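Notebook open, structure on screen. I'm jotting down what I look up as I go.

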Amino acid sequence: MEVSRVTSQPNETIAAGAWLRVDTLAEFLRCARAGVLASERTWDDEPETPQSNLDFLPAYDLAAIERELNAGMNRLWRYSALALCAPMWTALLYVAGVHFLLVLLAAWFTALPAWLVFRQLCAVVTLALRRRQATRAGKCEPDETSTAFQPVNWWGLLKAGFDSVKYDELRDEALRLEGRPWRVLRRGSLRIPVVKARRLDAEGMLPIECIAKVAAFGRLLTVCDGGTVAYGVVLVGNAYDGVTVPFTAKSEQWIIDCLEQTREKLDLFGDPSVMPAPPPAAACAFCPLGSPPVPLSVGGQQTRHTSSPADGPLPRSRCGARFGWTPPHRRARALSDA
Ligand code: SF4
């Protein structure tokens, strides 16, 4: 189910400023440099949510998984039949005394159906495992009044009667805040924003950007959709497990304060001569904006490549190119040690 743009009416006086996206705000809270990069990004063409391996095949919709599984099984049988016939044709050509080059060519073509069977088999097994996880999950009913983080499971929430809905865009005219949650779980008047985290932070805690997104989307859903938001859900990594993050009046006020401060600082950093200070080195180690581009492989040889002649000896990350430095990302360290 999809819900198109929902806009609130301005019903309160909050200092007006430039429109800010939830993702920009969340990135700024994670790292000021990441926030500046996010504010300069073209959001129309790029996904706002980290893509995971689960995204290549249907992963969060049981009906879609079952549809794709049935289609995948049909393809698997067809490719298997082809893979069985191809060697027989090759053998027949050999016995019939056809030129050995043609036999070699036919033998090479037998590899193609085998490769297709392997690919399809992997997809079918993946989908079957996902369906198993979905059907075996128990009902998950977090306490709406709790202010603690509660473990949840995606399939368990759907079993509890929530509908998963994709919203197109939410816009709060009063705060001039806009964004699109990854999914919203809806049941009655209850609205649960769902966001995804790549990983937990170095201390095993939820990253601050995810907590900020829950608060911001909670606010947007409350004012734009008129729903009740008791908590949000953060799904971590390529998994269906996650935790609830309570949405309270306190967290709503916190995100409004953060929004105002972020807007002021982004105005300041709009001047290229004013540069935000880098965060502690540990924050850059796994940051996707600090990772140098993956080396190209030419003729089996890995090459370093740079985006411009001024880039220097190491390939430049997005953060490195924007702020003229080499972030201490673990890949950059590995490349400089090599
Ligand atoms: S690489 Fe470091 S400084 Fe750059 S955006 Fe990421 S965390 Fe911030």
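How do the residues of the lining of the largest cavity divide into nonpolar, polar and charged? I looked it up and got 11 nonpolar, one polar and two charged.

Ground rules before I go on. This is a predicted model, where local features need pLDDT of at least 70 and side-chain atom pairs count only at pLDDT 80 or more, while totals for chains, interfaces and linings use all residues. Residues are numbered from 1 along each chain as its sequence is written, and side-chain values use heavy atoms, with hydrogens and water left out.

**Entry: the cavities**

I counted three cavities of 30 Å³ or more. A cavity here is a set of points, on a 1 Å grid over the protein atoms alone, where a 1.4 Å probe fits but cannot get out; lining residues have an atom within 4 Å of a point. The largest cavity holds about 100 Å³ of space, with volume taken as the space filled by probe spheres set on the points, which are joined across faces, edges and corners. It has 14 lining residues, and R30, C31, C284, C287 and C319 are the closest to its centre. I also checked the elements: α2 gives the largest share of this lining, three residues. (Helices are DSSP runs of H or I with at least four residues, strands are runs of E with at least two, and both are numbered from the N terminus.)

**Entry: the ligand**

Where does the ligand sit? I found it in the largest cavity, meaning that more than half of its atoms lie within 2 Å of the grid points. Around the ligand I listed 13 residues (a heavy atom within 4 Å), the closest being C31, P279, C284, C287 and C319. Two elements give two or more residues to this shell: α2 (32-39) and α8 (281-284). Domain 1 (2-41 + 140-269) and domain 3 (281-337) each supply at least three shell residues; the bounds come from an automatic or database domain assignment.

**Entry: aromatic pairs**

I noted six aromatic pairs. Rings of Phe, Tyr and Trp (its six-membered ring) pair if their centres lie within 6.5 Å; planes under 30 degrees apart are stacked, over 60 edge-to-face, and the rest tilted. Why is the pair of Y60 and W182 edge-to-face? Their ring centres are 4.7 Å apart and the planes are at 80°, so the pair gets that label. Y60 is in the loop between α2 and α3 (62-95), and W182, 122 residues apart from it, is in the loop between β7 (177-179) and β8 (183-187).

Terms used:
On a 1 Å grid over the protein atoms alone, a cavity is a set of points where a 1.4 Å probe fits but cannot get out, and a pocket is an open set with protein on both sides within 12 Å along at least five of seven lines; lining residues have an atom within 4 Å of a point. Ala, Val, Leu, Ile, Met, Phe, Trp, Tyr, Cys and Pro count as nonpolar, Asp, Glu, Lys and Arg as charged, and the others, Gly among them, as polar.
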